[in-house]
Amino acid sequence: MTTFDLLVAHPFLTGLPPHHLARLARWAHRAPLRAGARLFEENGRADRYWLIRDGYVNLDIRVPGREDVVVLETIGPGTVLGWSWLFPPYRWHFGAVAAGPLLSIAVDGPATRAMCDADPEFGYELTKRFMAVVVDRMQATRIRLLDLYTAPA
């Protein structure tokens, strides 16, 4: 299966025209990871995103003043990981670690931004899709934090 075929089959990209997917495929590659592999650290440089094919990723955050890392959400097949590459200052807002063996497609963030700038129609469509991810992640974070910090009744 080619990278193009993998992009066509991914739910996050459903409905994008083939010419957009073909251009995006130039900046994408298979990215298998072992269980426990850290994809990125909170506040690190955000320069890519991953389309998850198989496996799960834990999104986490460090608790200020302590060594604790709290898992905020677990995402799995058919989802996309990483949106911070799209918005300045291009720093990760969370950390991410493979919860088990992971099959994903990594896509170059700066190259994708350049594609968005060069083709506003593509840029608008991709931005809408990533904004839906941002809203979902923020809502999941809100719910998880309420669970963590709500005093027992």
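**Figure 1. Confidence along the protein chain of the predicted model.** Mean confidence is lowest in helix H4 (residues 120–149), at a pLDDT of 84. Strand S8 (residues 103–108) has the highest mean, 98. For the protein chain as a whole the mean pLDDT is 91, and 97% of the residues reach 70 or more.

**Figure 2. The buried face of helix H2.** Helix H2 covers residues 18–25, and its buried residues are His20, Leu21, Leu24 and Ala25. Viewed down the axis of H2, these buried residues fall within an arc of 135 degrees, so they line one face of the helix.

**Figure 3. The salt-bridge network of Arg38, Glu41, Asp60 and Arg62.** The structure holds eight salt bridges, and salt bridges link these four residues in a network. Glu41 pairs with Arg38, with 3.3 Å between the closest N and O atoms. Glu41 also forms a salt bridge with Arg62, at 3.6 Å from N to O. Glu41 sits in the loop between strand S2 (38–40) and strand S3 (48–54), while Arg62 belongs to strand S4 (residues 57–62), so this pair ties together parts that are 21 residues apart in sequence. Glu41 is partly exposed, at 38% relative accessibility. Arg38 is partly exposed at 33%, and Arg62 is partly exposed at 41%.

Figure 4. Arg129 has a relative accessible area of 15% and counts as buried, because the cut-off for buried is under 20%. Glu125, at 25%, is partly exposed.

**Figure 5. Arg113, a buried arginine with no salt bridge.** Arg113 lies in helix H3 (residues 109–118). The nearest side chain of opposite charge is that of Asp117, 6.3 Å away. A salt bridge requires a side-chain nitrogen of Lys or Arg within 4 Å of a carboxyl oxygen of Asp or Glu, and Arg113 has no such partner. Leaving aside neighbours within four places in sequence, Arg113 is in contact with Trp85, Leu86 and Tyr90.

Note on methods: Residues are numbered from 1 along each chain as its sequence is written. This is a predicted model: local features need pLDDT of at least 70, side-chain atom pairs count only at pLDDT 80 or more; totals for chains, interfaces and linings use all residues. Side-chain values use heavy atoms; hydrogens and water are left out. Buried means under 20% relative accessible area, exposed over 50%, partly exposed in between (1.4 Å probe, protein chains only). Helices (H or I, at least four residues) and strands (E, at least two) are DSSP runs, numbered from the N terminus. The arc is that of the directions from the helix axis to the C-beta atoms. Lys and Arg count as positive and Asp and Glu as negative; His and the chain ends are not counted. Contact means heavy atoms within 4.5 Å. pLDDT is the predictor's confidence in each residue, from 0 to 100.
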